[in-house]
Amino acid sequence: MLHDVTCVSLEALVGEVAKIKVHGYRFVTLTGVERDADTFDIFYHFDKNLTLKHFKLSVSKGVSVPSITPVYFAAFLVENEIQDLFGIIFDGLVVDYERTLYLEPETKVTPFCRCTVIRTPGVEPTPDAAAASEDN
Amino acid sequence: MTKTIIPFGPQHPVLPEPLHLTLTVEDEIITEVFPALGFVHRGLEELAIRRDFQQMIQVVERVCGICSMIHAMCYCQGVEELMEIEVPPRAKMLRIIWSELHRIQSHLLWLGLFADSFGFESLFMQLWKIREKVLDINEATTGNRVIVSVNLIGGVRRDLSAEQMKWILSHLSWVEEEIGRLETTLLSDYTVKKRTVGKGVLTREKAFELGAVGPTARGSGVAQDMRLLGYSAFDRLDFEPVVETDGDCYARSRVRFHEVRRSIDIVRQAASKIPGGEIRIKVKGRPEGETFSRIEQPRGELFYYIKTNGSKNLERLRIRTPTFANIPALLSILPGMWLSDVPVVVLSIDPCISCTER
Amino acid sequence: MFKMTPNVIRNLLHKKATRRYPRVTRPAFEDVRGALFNDVTKCTFCGACAMKCPSQCITVDRKDGKWTYELFACVFCGICADICPAESLHQQGEYRLPLPGRETITLQGKPKHNIEKTTKISKEKNDDSKD
């Protein structure tokens, strides 16, 4: 079972992660889960001396999340992967692949939850893409 | 000084799997690295939603070809924790024996590729000749050479008789003798040292900060090994991780070489302490809840997050493989190196890209 | 400097580590997971193998007594052979040889009459319970 899960809010996220770095925790990974039709859960996993600590962030679809790459540089790969597969946009990514890490530029719908339309940072989704995702 | 941009990969003789690095080079010294992944992305995490939780064992085994049994073991451990199943102690020891055999085989493969990366082909052939004996053990005891498919939720599928155990130990003694003969060549040869000592240095602080795992971190002095968690039957065995402090390619290869010896010792301990009893128990019902599971793969820490909701299929399966965590460390050690050292350094983190991209 | 030389001399004096395949082959170990075979006279067409297969390469038609197997989708995991209640599926010790094209094996057998009867009875019971 999951022990030691702390829920954080969008605004407090980067602050909490910076505090945990000072305490000597190592970054493990992020996990994205689709909770229901309107929300995503993002779990942040950290480790110290073989004990895990988790943060849970609930975010509605369409909202962008602040990136933790200024604090933990190693998170850039997994944040790009979540951008590709779930369609969540991370603000302030140090290295941004703009959803070409795994996907081709022609892909219109995110592989993981078919109700989200692919959003490139800085570009609004077109009505065609939204219609295509509804058909799928 | 002119800048040249050189693509490394995705096809390269030294890489076992496709990885693309865009290297910016000024006068043979690397200044910037930019990785590109996605060549073997198969979408296996999404397949978890379409296959039921027992069929997923076979899917999860095929995430990686070299360390397949360990993926299945991590997955089974997670689901067994959710369903509160107590695996029989004999099955736990058997899982350890097969997973350590996998580790030996993976490290011998890596040592061979490492020798090949600086052109020492005859050493590569000798190491793979030794590896063939370990694959023979796999085939005779489980039925397959590499993707062994022995794990089930609730235990293992095959048993080892006392005769087979003696045969395995005699083969492992042969393996130990042979790698002892190659030790002086691999670790004290003048050319090998010239190509590896002082190259690709990863300091202890950087290794910890960038989240490096496995022999990449242990070669830099971070004593971190998931086998100390005591999963499966490791709490009954004496085990200490192998740690070196220099942080260069030579230290990482020493860590992996000594880990082969350590794994042979673990198999001997397990064979002497293995209890009798059944090898699996019947599983009824379906898993419900969420959990995580961690195991030490040959390349580092493997992390699984499993979420189920009582139905036949899983709701979410997240796999974080060790090479995914070691790539940021690789990007920090490449700038400042000569272009001709790049293949050796990229190989020294043991990249398993099919694991990384699932 | 000459650290590999003792090894080289030993290899020259001992027998070869490689085998002259395909003229010389090694006999397969016992219990190797090789090609899959179905003894259709024993098969009851229960469909358990089709349900459990991780790569979904088996299709079972209960009424007609047909067992279809896609040779090239199979990963030879052996789960079907382990759970087959009639023990008609088994794996041979030799691996399947390469073939020039994709093949599907269809086996025709006799569906057992009592299975048809039991399905009819259970269907009627279900209808009663719905009413």
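This is a predicted model: local features need pLDDT of at least 70, side-chain atom pairs count only at pLDDT 80 or more; totals for chains, interfaces and linings use all residues.
**Notebook: helix pair in B, then the A–B contact**

I started in chain B, where α3(B) and α4(B) cross with a left-handed sense.

Helix α3 (residues 68–83) of chain B packs on helix α4 (residues 89–117) of chain B at an angle of about 145 degrees, and their axes are 8 Å apart. Which residues make the contact? From α3(B) I noted B:M69, B:I70 and B:M73; α4(B) brings B:R95, B:W98, B:S99 and B:H102. By class I get four nonpolar, two polar and one charged.

Then I went through the chain pairs. Two pairs of chains are in contact, and A and B share the most contacts. Chains A and C have no contact between them; their closest C-alpha atoms lie 21 Å apart.

For A against B, I have 17 residues of chain A in contact with 25 residues of chain B. Strand β2 (residues 26–34) of chain A supplies the largest share of A's side, six residues. That side of chain A has 14 nonpolar, two polar and one charged residues.

Last stop was helix α2 (residues 76–86) of chain A. How many of its eleven residues are buried? I find ten, so to speak mostly covered. Among them are A:F76, A:L77, A:E79 and A:D84. What do the buried residues of α2(A) pack against? My list has β2 and β6 (90–91) of chain A, plus α11 (322–333) of chain B. Just after α2(A), I noted A:G87 with a positive phi of about 85 degrees.

Definitions and conventions
Residues are numbered from 1 along each chain as its sequence is written. Chains are lettered from A and ligands numbered from 1 in the order in which they are written. Two residues are in contact if their C-beta atoms, placed from the backbone, lie within 7 Å. Helices (H or I, at least four residues) and strands (E, at least two) are DSSP runs, numbered from the N terminus. Ala, Val, Leu, Ile, Met, Phe, Trp, Tyr, Cys and Pro count as nonpolar, Asp, Glu, Lys and Arg as charged, and the others, Gly among them, as polar. A residue is buried if 20 or more other C-beta atoms lie within 10 Å of its own, exposed if 12 or fewer, and partly exposed in between; C-beta atoms are placed from the backbone. Axes are lines fitted to C-alpha atoms, for helices over the stretch in contact, and angles run from 0 to 180 degrees between N-to-C directions. A crossing is left-handed if the near helix is turned anticlockwise from the far one by less than a right angle, and right-handed if clockwise.
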